[in-house]
Amino acid sequence: MSVHVSQQPVVRVVPAPLAKARRRARPGAALAVIALCNAMIQLDDPIVNVALPGMREGLGLSAVGASWVVNAYLLAFGGLLLLGGRAGDILGRRKVFLAGVGLFTAAAALRGLAPSGEFLVAVRVVQGVGAALAAPSGLALVLSMFAEGAPRKRAIAVCTAVGAVSTAGGLLLAGALTSLSSWRWVLYLDVPVGLAILLLAPFVIEETARNRGRFDLAGALVSALGAASLVYGLAQAAERPWSDPAVAGCVVAGAGLLVVFAVIERRAEQPIVVPRLFGDRDRVLAYAATLAVPGALIGTYFFLNQFFQGRHGWSALATACALLPLPVTMAAAAGAAVRLERRIGAKRLMAAGAALLVAGNLWLARLGASDAYAADVLPALVLLGAGMACCVLPPTVLATSGLARDEAGAAAAVLNSLQSVGGSIGLAALVAVTTQTGGTAGGFVTGAAFAGFALLAAALLRRGPRGVS
């Protein structure tokens, strides 16, 4: 009896979850969603600052209460970033990213309904927790989706450009809503953005593999307390003298706790931050530049807002329009920075960007009450925007190169933590110098000094002319 064997095509069986994940993975769309989240978090600070005068009047907030609207967010965000990065590595980065965006969006909706100052401060804490989960997980997702080299550099440039464009649009919207409507409407700007991210992310972002491990509870607690104490002390230094116990005590305590944290991490079996991240000279220099660069820019928004609205009596909308050239230039220059890095290398690009930041700050240091916008402010804003575009890419690429699969979340969290602390240090230093000198010129000179520190870090890099290939 003959047996007939039919020639059937070979069908490869793909497990359902894997097939679903493959259908879902869309790197371009995923990058757009993550960049949108990054922009939403970046934009929150100027939104709150624009709405703060209305909050004080509407809710009867004292000066201390108003400061806590800002500080509550900073403490939760700065204190929990390292834990948020580690959570993404262990639990899954997309899951933690979505949880963070969900918390951030819900808190943004509730703060617009705030019946009291206490309620507003509470939801700001929740919003800080959400940002601490979403920010490092988002960057870690980018690192896992795009290989080192040109693809990752382009992805970082896209995030930079989207953040800058969103800042420009957000400034206009916040200024218009403040001038034409209630401060509560300004606080709702993040809500539609967050909802869009929550709707799109499950369809375009692929979940990363979980890494076996457990949370280093001792390291998590000490790092959270140390970072929060340091950020709080530096935030208070913007309003109080350095000799004040609320400033000196918190800064010293925060620094001491971070030293203890470093000791714990060296002994922990599964640390939140792998000590190996600090074993590479170029990575450490990239971290140093990341810490310094926010201080080179933060004075621009802080002092120019006062210059336009205080000295010249401009409206919030007019001030937002006047500041637009900075984020617009930054967005336009982000793509050019990728091409320049390919030709001249990370070291030279970072040095060029830092030099532009020095020049922009020194240009504004000579600003007088009678100076014209077009001749005395606009060129400096263009210099600062181009400088920031050149200074964002190299440190991020250098700090996230050569990582193991389970180190992406920790590396992203360290970068975000340094940016947060760097902004606090920069603002505290600028305000302290301005208070002592009695003018904004000293603040801009201090901003130039921060940029000079980034320039020094670039000079000490070992990378050759082609940078990270």
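Student: Why is Asp-282 called buried?
Tutor: Asp-282 has a relative accessible area of 2%. Buried means under 20%, exposed means over 50%, and partly exposed covers what is in between, with a 1.4 Å probe and protein chains only. Since 2% is under 20%, Asp-282 counts as buried.

Student: Before we go on, what sort of model is this?
Tutor: This is a predicted model, in which local features need pLDDT of at least 70 and side-chain atom pairs count only at pLDDT 80 or more, while totals for chains, interfaces and linings use all residues. Residues are numbered from 1 along each chain as its sequence is written, and side-chain values use heavy atoms, leaving out hydrogens and water.

Student: What makes Asp-282 and Arg-462 a salt bridge?
Tutor: The closest N and O atoms of Asp-282 and Arg-462 are 3.9 Å apart. A salt bridge needs a side-chain nitrogen of Lys or Arg within 4 Å of a carboxyl oxygen of Asp or Glu, so this pair qualifies. The partners come from distant parts of the chain, 180 residues apart: Asp-282 is in helix α11 and Arg-462 in the segment after α17 (441-459). Helices here are DSSP runs of H or I with at least four residues, strands are runs of E with at least two, and both are numbered from the N terminus.

Student: How many salt bridges does the structure hold?
Tutor: There are seven salt bridges. One of them joins Asp-190 and Arg-111, whose closest N and O atoms are 3.1 Å apart. Asp-190 lies in helix α8 (residues 190-204) and Arg-111 in helix α4 (residues 93-111), so this pair ties together parts that are 79 residues apart in sequence.

Student: Why do Asp-190 and Arg-111 count as buried?
Tutor: Asp-190 has 1% relative accessibility, and Arg-111 has 1% too, so each falls under the buried limit given earlier.

Student: What ties Glu-341 to Lys-153?
Tutor: A salt bridge does, with the closest N and O atoms 2.9 Å apart. Glu-341 sits in helix α13 and Lys-153 in helix α6 (residues 150-180), so the pair connects parts that are 188 residues apart in sequence. Glu-341 is buried at 1%, and Lys-153 is buried at 6%.

Student: Why is Ala-354 called buried?
Tutor: Ala-354 has 0% relative accessibility, so it counts as buried. Ala-354 is placed in helix α13 (residues 325-365). Its C-alpha atom is 8.8 Å from that of Ala-296, which is 58 residues away along the chain.

Student: And why is Phe-119 called partly exposed?
Tutor: Phe-119 has a relative accessible area of 30%, which lies between the buried and exposed limits. Phe-119 is in helix α5 (residues 117-145).

Student: Why are α9 and α16 called roughly parallel?
Tutor: Helix α9 (residues 217-237) and helix α16 (residues 408-437) pack at about 25 degrees, with axes 8 Å apart. That angle makes α9 roughly parallel to α16. Angles under 35 degrees count as roughly parallel, over 145 as roughly antiparallel, 65 to 115 as roughly perpendicular, and the rest as oblique.

Student: What makes α11 and α12 oblique?
Tutor: The axes of helix α11 (residues 281-311) and helix α12 (residues 316-323) come within 10 Å and cross at roughly 130 degrees. That angle belongs to the rest, so α11 and α12 are oblique to each other. Axes are lines fitted to C-alpha atoms, for helices over the stretch in contact, and angles run from 0 to 180 degrees between N-to-C directions.
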